[in-house]
Amino acid sequence: MARLLGIDYGLRRIGIAVSDDRGMMAFPYGVVDVSGMTPESVENHIRKICSAEGVGEIVVGVPRSLARRED
């Protein structure tokens, strides 16, 4: 099974996590500071991570406030 890439996106930073080879556990990969980056450069950065880590699927988190409302 291919690895999964988790994205927790925001306007200033994007959190990245990558799963193990079985897709059972996710581990922090890093944070991308996207302030000043174009959408194309963010996409290219994520593509490079996917290629380097053997990612087959991407999972995007739904942003929620501390009050559990979608923002």
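The model is predicted, so local features are given at pLDDT of at least 70 and side-chain atom pairs at pLDDT 80 or more, while totals for chains, interfaces and linings use all residues. Residues are numbered from 1 along each chain as its sequence is written, and side-chain values use heavy atoms, with hydrogens and water left out.

Student: In what order do the 4 strands of the open sheet lie?
Tutor: Strands are DSSP runs of E of at least two residues, and helices are runs of H or I of at least four, numbered from the N terminus; two strands pair if DSSP finds at least two bridges between them. The pairing is mixed, and the order is 3-2-1-4.

Student: Which residue of strand 2 is the bridge partner of I7?
Tutor: Strand 1 (residues 3-9) and strand 2 run antiparallel and are joined by 5 bridges. Within strand 2, the bridge partner of I7 is I16.

Student: Which residues does R3 join into one salt-bridge network?
Tutor: A salt bridge places a side-chain nitrogen of Lys or Arg within 4 Å of a carboxyl oxygen of Asp or Glu. R3 forms one with D21, with the closest N and O atoms 3.8 Å apart, and another with E53, where the closest N and O atoms are 2.9 Å apart. The latter pair links R3 in strand 1 to E53 in helix 1, 50 residues apart. Through shared partners, the network consists of R3, D21 and E53.

Student: Is E43 buried or partly exposed?
Tutor: Buried means under 20% relative accessible area, exposed over 50% and partly exposed in between, using a 1.4 Å probe and protein chains only. E43 meets R47 in a salt bridge at 2.8 Å, N to O, and R47 is exposed at 53%. With a relative accessible area of 39%, E43 is partly exposed.

Student: What is the nearest side chain of opposite charge to D20, and how far away is that side chain?
Tutor: D20 lies in the loop between strand 2 (13-19) and strand 3 (26-33), and the side chain of D20 reaches the backbone nitrogen of G23 at 2.8 Å. For charge, Lys and Arg count as positive and Asp and Glu as negative, with His and the chain ends not counted. D20 is buried yet has no salt bridge, and the nearest side chain of opposite charge is R22, at 4.6 Å.

Technical notes. Polar contact = N/O pair within 3.5 Å; in protein donor to acceptor, adjacent residues only side chain to side chain.
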